[in-house]
Amino acid sequence: MTVLQDAIAHDTVPHGAIEASAPALPPAPSEPRALIAILSAAKRNALVACLTANGLYKKDGAWHGPADGKPVSGVTVADLARDGMLTLTTDHRLASARLTERGSWFARTLLRDAAAAK
């Protein structure tokens, strides 16, 4: 099995702690907002899908989150992994993506903003 992780996260966080440290809880009122303005709409949708589905899975050549959601582009998943927001795990033809602590922070900020807009 091959695990691809951001080099910085790999050096500073013990193996396996990234997934465990990415809570799906809403941010505390004192938590600073993530700078979501730097994200494209596709990246925003992918982060929210990953948070709500507890990960993305590669199926039939596309990345899928929630059962009723649209597929996520492989380029978007790769970009988010390079940005340190997703951790990719591959095992031959099977692949999954999980939020890192940074990705979870961005996704929680997106959900908080969406809830506040309602």
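Reader: Which residues in H4 meet Ala 42, Lys 43, Ala 46 and Leu 47 in H3?
Author: This is a predicted model, and in it the side of H3 that faces H4 is made up of Ala 42, Lys 43, Ala 46 and Leu 47. By class, this contact of H3 with H4 has four nonpolar, one polar and two charged residues. The residues in H4 that take part are Thr 76, Asp 79 and Leu 80.

Reader: At what angle do H3 and helix H5 pack, and which residues of H5 make the contact?
Author: The axes of H3 and H5, the latter spanning residues 101-117, lie 9 Å apart, and the angle is about 100°, so the two helices are roughly perpendicular to each other. From H3, the contact draws on Arg 44, Leu 47, Val 48 and Leu 51. On the H5 side, the residues are Gly 103, Phe 106, Ala 107, Arg 108, Leu 110 and Leu 111.

Reader: Which element gives the most to the lining of the largest pocket?
Author: The largest pocket holds about 240 Å³ of space, and of the 14 residues that line it, the closest to its centre are Asn 45, Ala 46, Lys 70, Pro 71 and Val 72. The lining divides into seven nonpolar, six polar and one charged residue. With six residues, the element that gives the most to this lining is H3.

Terms used
Residues numbered from 1 in each chain as written. Predicted model: local features only at pLDDT ≥ 70, side-chain atom pairs only at ≥ 80, totals over all residues. Heavy atoms only, no water. Contact = heavy atoms within 4.5 Å. Helix = DSSP H or I, 4+ residues; strand = E, 2+ residues; numbered from the N terminus. Nonpolar A, V, L, I, M, F, W, Y, C, P; charged D, E, K, R; others polar. 1 Å grid on protein atoms, 1.4 Å probe; cavity = no way out; pocket = protein on both sides within 12 Å on 5 of 7 lines; lining within 4 Å. Points joined across faces, edges and corners; volume = space filled by probe spheres on them. Axes fitted to C-alpha atoms, helices over the stretch in contact; angles between N-to-C directions. Parallel < 35°, antiparallel > 145°, perpendicular 65-115°, else oblique.
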